[in-house]
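Colleague: I am new to this structure. Could you walk me through how to read it?

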Amino acid sequence: MSAGVIAKTVRGFSGALGRTLVSENSAHERGLLQALDPRVKLVGMLALVVTAALARKLPVMGALFGLGVALALGSRLSLWSLAKRVWLVAFAFTAMIAAPALFLTPGETAYTLGGVAITAQGVRSALLLIARVEAAVTLSTLLVLTTPWMHLLKALRTLMVPVEVIAMLAMTHRYVVLLTETANAMFEARQSRMVGRLNGREQRRLMVNTGGVLLSKTLEMGNEVFLAMQARGFRGEVRLLTEFRLRGWDYVAMSGFAAAVVAAALAGR
Amino acid sequence: MHIPDGYLSPSTCAVMYAASSGCWWTALRRTRRKLFGRTLPLLSLFAAFSFVTMMFNLPLPGGTTGHAVGVGIAAIVLGPWASLLAISLALTIQALFFGDGGITTLGANCFNMAIAGSFAAWGIYRLVSMGAAADSRRRVVAAALAGYGAINFSALLAAIEFGIQPMLFHDATGAPLYAPYSLRVAIPAMMAGHLTIAGAAEAVMSAGLFSYLRRNEPELVGVTGLAEKRQGLRGLWGALALVLLLTPLGIVASGAAWGEWAPKDFGNSAARAQIAAASGNAAAPAAAPSGLARLANLWTAPLPDYAPHFVKSAGFGYLLSAMFGVGVILAVAWAAGRWMGKAEQPAKHGDGQ
C-alpha cells in the first residue's frame with residue numbers, strides 16, 4: 001500500500017516527462033503542420049477550436065474532427081497514439097459525464113431502458129457534447145504536438161500576451177521538468193530505503209514532507225535563479241528574439257484555415 | 001475541476017477571459033511593484049511547484065487518494081495577487097502542454113481556481129488566524145480551512161458555470177448545446193466530490209506544507225506572505241464593506257428562491273405559477289405539504305425577510321440585516337479567537353518549563 005502511493009506518484013511523473021519528450025520529438029518531425037509558421041498555426045488552430053465550440057450541428061463537428069485526423073496524418077503523427085492518449089481518454093471522460101443527460105434532460109421519450117425513459121433531447125445533447133469535445137481536443141492537441149514549446153510561446157505575442165508573461169511561461173515550463181525530476185528522485189530515494197509498510201497517516205506525512213522539501217528547494221532555487229539573472233545583466237525587462245518569417249506556404253495555410261473556419265461557421269449555425 | 005474545451009459556450013468563455021484578464025493585469029502591476037525583478041523567477045518557480053504537487057497522490061482517510069491544487073499554500077506564502085498569477089501560469093502550462101483543461105476554457109479555469117481560489121484562501125486564512133500567535137495551532141487550522149474553502153469555492157463557481165449552460169444555450173428542440181445539467185444537478189454533483197475528497201486533499205496539503213514551512217522556513221509564514229507583509233486587514237474590511245453595500249441587490253431578483261416557499265405560497269396563484277416555472281413546469285401541490293405546514297412556524301426569525309418591522313425601506317432593511325449578521329459573525333469569531341488564545345497559553349508555559 002505504501003509503495004503503491006509512491007509508485008503511483010512516480011508513474012505520474014514518468015508519464016508527464018514521457019509526454020514532454022513525445023511532444024518535443026513530434027514537433028521536430030517533417031510534416032504538414034510542423035512546416036508552418038507558429039503564428040499562423042496558433043491563430044488558425046485556435047480559430048478552428050473556437051469554431052468547434054460554436055458549432056451546433058453534428059456533421060460540422062464530425063467534419064472538423066475529420067479535418068483534425070487529416071492534419072494529423074499529414075503531420076506524421078501516429079493515429080494509434082492519438083487514439084490512446086486523446087480520443088479514448090476524452091471519450092471516456094465525456095461519455096461518463098454525458099450519460100446521465102440521456103435520462104435527466106426533459107423532452108420527448110425516444111427509447112425506454114429498463115422502464116426509464118431516454119429523451120431525444122438527452123441523446124442529442126450527449127452526442128453534441130461528445131462530438132464537440134473530441135473535435136476541440138483533437139485540434140488543440142495537434143497544435144501542441146506539432147509546435148516546439150518555445151515557438152508556441154513566442155507565437156503568443158501575436159495574441160498580445162505580455163512579454164513578461166511569455167517569459168514566465170517559458171521559465172515555468174523549464175522548471176516543471178526540473179522539479180518533476182527532483183520530486184521523482186526524492187520519491188525513488190525514499191522508496192529504495194523502505195522495507196516496511198506505512199499506514200495512511202505516515203503516507204500522508206511522507207507526501208506532505210516531500211512537498212515541503214520541494215517547496216524549500218523551489219524558493220531557494222528562485223533566489224539563485226534571480227541572482228544568476230542579475231549577474232547576467234537582468235534589470236527587470238524582458239526581450240524576446242523573434243525570427244519568424246512568413247513564407248508562401250504560410251499564406252496558403254492561412255487561406256485554408258480561413259476557408260475551413262468560414263465554411264464550418266456558416267454550416268454549423 | 002479543469003473544465004475541458006466544449007463544455008462551456010464561447011460567450012461564457014469570453015466573459016470569463018475578460019474577467020480573468022482584468023485580474024491578471026492588476027496582479028502583474030501589483031507584484032511587479034512589490035517584488036521588482038524577482039517576480040519572474042519566483043512566480044515561475046512557484047507555478048512549477050504547484051504543477052508538480054498537483055501530481056502527488058495524497059492518501060486520504062477512508063483509503064482513497066486525491067490531488068491538491070496548492071492554491072491554499074500559494075495564497076498564504078505569496079499573497080493573493082502573486083498567488084493568482086502563479087496558479088494561472090501552472091494552469092496555462094497544464095492546458096497548453098498536457099491537455100488538462102481546455103484552451104477556450106482557460107479563462108474560466110484560471111478564474112475559478114487561481115483568482116477566486118487565491119482570494120478565498122487568503123481571506124479565510126487571514127480571518128481564522130486573526131490575532132493568533134506565530135506558533136499557534138490555530139494558524140495550521142486556518143491553513144487547512146483556507147485550502148478546503150478555496151477549492152470548494154472554486155468548485156462552486158465551476159458548477160454555476162456548468163449549470164447556467166442549459167438555461168442559456170439550447171437548440172429549438174430544447175436539447176442543451178453545452179454542459180447539459182441545470183444548477184440543481186450540477187451543484188450537488190460537483191460539490192459532492194469537492195466537499196469530501198478534493199477538499200480533504202487540499203486541506204491536508206495546505207496544513208501540512210504550512211506546518212513544514214513554519215518549522216523550517218518560518219519567515220515565509222510567520223507573517224502574512226512575501227507580497228502582503230504588514231499590509232493589515234484594510235483590504236479585507238474594504239471588501240466586506242463593499243459586499244455589505246451591495247446586499248440590497250437581492251431586491252432586484254424576482255420571485256421566491258427555489259425551495260424557500262412559505263406554506264401560504266401554495267394557496268396563492270401567482271406564487272404557485274412561480275413555483276411551477278422554477279420546477280420544470282411541475283405543478284405545485286394544491287395545499288402546503290402537512291410536514292411543511294407543521295414545522296414552518298417552529299422558529300420565528302427576529303428579522304423575517306431581511307427587514308425589521310420598523311423599517312419601511314426594503315433596501316435599508318437589507319443593509320441593516322447584513323450589518324447585523326456580519327456583526328454577529330465577527331463577535332463569535334472574536335470570542336472564539338479569545339478563547340482559543342487563552343487555551344493555548346498554559347501549553348506554552350508548560351513547554352518552556
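This is a predicted model: local features need pLDDT of at least 70, side-chain atom pairs count only at pLDDT 80 or more; totals for chains, interfaces and linings use all residues.

Colleague: Where do I start? How many helices and strands does chain B have?

Modeller: Start with a count of elements, then take their order. Chain B has 12 helices and 2 strands. From the N terminus, the order is α-α-β-β-α-α-α-α-α-α-α-α-α-α.

Colleague: What share of the residues of chain B count as buried?

Modeller: Burial is judged by counting neighbouring C-beta atoms around a residue. In chain B, 44% of the 353 residues count as buried.

Colleague: Now the helix pairs. At what angle do the axes of H6(B) and H7(B) cross?

Modeller: An angle over 145 degrees counts as roughly antiparallel. Helix H6 of chain B covers residues 137-168, and its axis crosses that of H7(B) at roughly 155°. The two axes come within 7 Å. H6(B) and H7(B) are therefore roughly antiparallel. The crossing is right-handed. By class, the residues of this contact are 25 nonpolar, 7 polar and 2 charged.

Colleague: What about H3(B) and H4(B): at what angle do their axes cross?

Modeller: Helix H3 of chain B spans residues 71-78, and its axis crosses that of H4(B) at roughly 140°. These axes also come within 7 Å. That angle makes H3(B) oblique to H4(B). The crossing of H3(B) and H4(B) is right-handed.

Colleague: Which residues of H3(B) and H4(B) meet?

Modeller: H3(B) brings Val71(B), Ala74(B), Ala75(B) and Leu78(B). From H4(B) come Pro80(B), Ala82(B), Ser83(B), Ala86(B) and Ile87(B). The contact of H3(B) with H4(B) has 8 nonpolar residues, 1 polar and no charged.

Colleague: Which residues of H3(B) touch H7(B)?

Modeller: The axes of H3(B) and H7(B) come within 8 Å and cross at roughly 35°. On the H3(B) side, Gly72(B), Ile73(B) and Ile76(B) make the contact. H7(B) supplies Glu202(B), Met205(B), Ser206(B), Leu209(B) and Phe210(B). Here the classes are 5 nonpolar, 2 polar and 1 charged.

Colleague: Let me try one residue. Is Val86(A) buried or exposed?

Modeller: The cut-off for buried is 20 or more other C-beta atoms within 10 Å. Val86(A) has 20, so Val86(A) is buried. Val86(A) lies in helix H4 of chain A, residues 79-98.

Colleague: Which residues does Val86(A) touch?

Modeller: Set aside residues up to four places away in sequence, and Val86(A) touches Val137(A), Thr138(A) and Thr141(A).

Colleague: Last, the contact between chains. How many residues does each chain give?

Modeller: Count each side by itself. Chain B gives 57 residues and chain A gives 66. On the chain B side, the elements giving two or more residues are H1 (10-35), H2 (39-53), E1 (58-59), H4 (80-98) and H7 (183-216). The largest share, 13 residues, comes from H2(B). By class, this side of chain B has 38 nonpolar, 15 polar and 4 charged residues.

Definitions and conventions
Residues are numbered from 1 along each chain as its sequence is written. Chains are lettered from A and ligands numbered from 1 in the order in which they are written. Two residues are in contact if their C-beta atoms, placed from the backbone, lie within 7 Å. Helices (H or I, at least four residues) and strands (E, at least two) are DSSP runs, numbered from the N terminus. Ala, Val, Leu, Ile, Met, Phe, Trp, Tyr, Cys and Pro count as nonpolar, Asp, Glu, Lys and Arg as charged, and the others, Gly among them, as polar. A residue is buried if 20 or more other C-beta atoms lie within 10 Å of its own, exposed if 12 or fewer, and partly exposed in between; C-beta atoms are placed from the backbone. Axes are lines fitted to C-alpha atoms, for helices over the stretch in contact, and angles run from 0 to 180 degrees between N-to-C directions. Angles under 35 degrees count as roughly parallel, over 145 as roughly antiparallel, 65 to 115 as roughly perpendicular and the rest as oblique. A crossing is left-handed if the near helix is turned anticlockwise from the far one by less than a right angle, and right-handed if clockwise.
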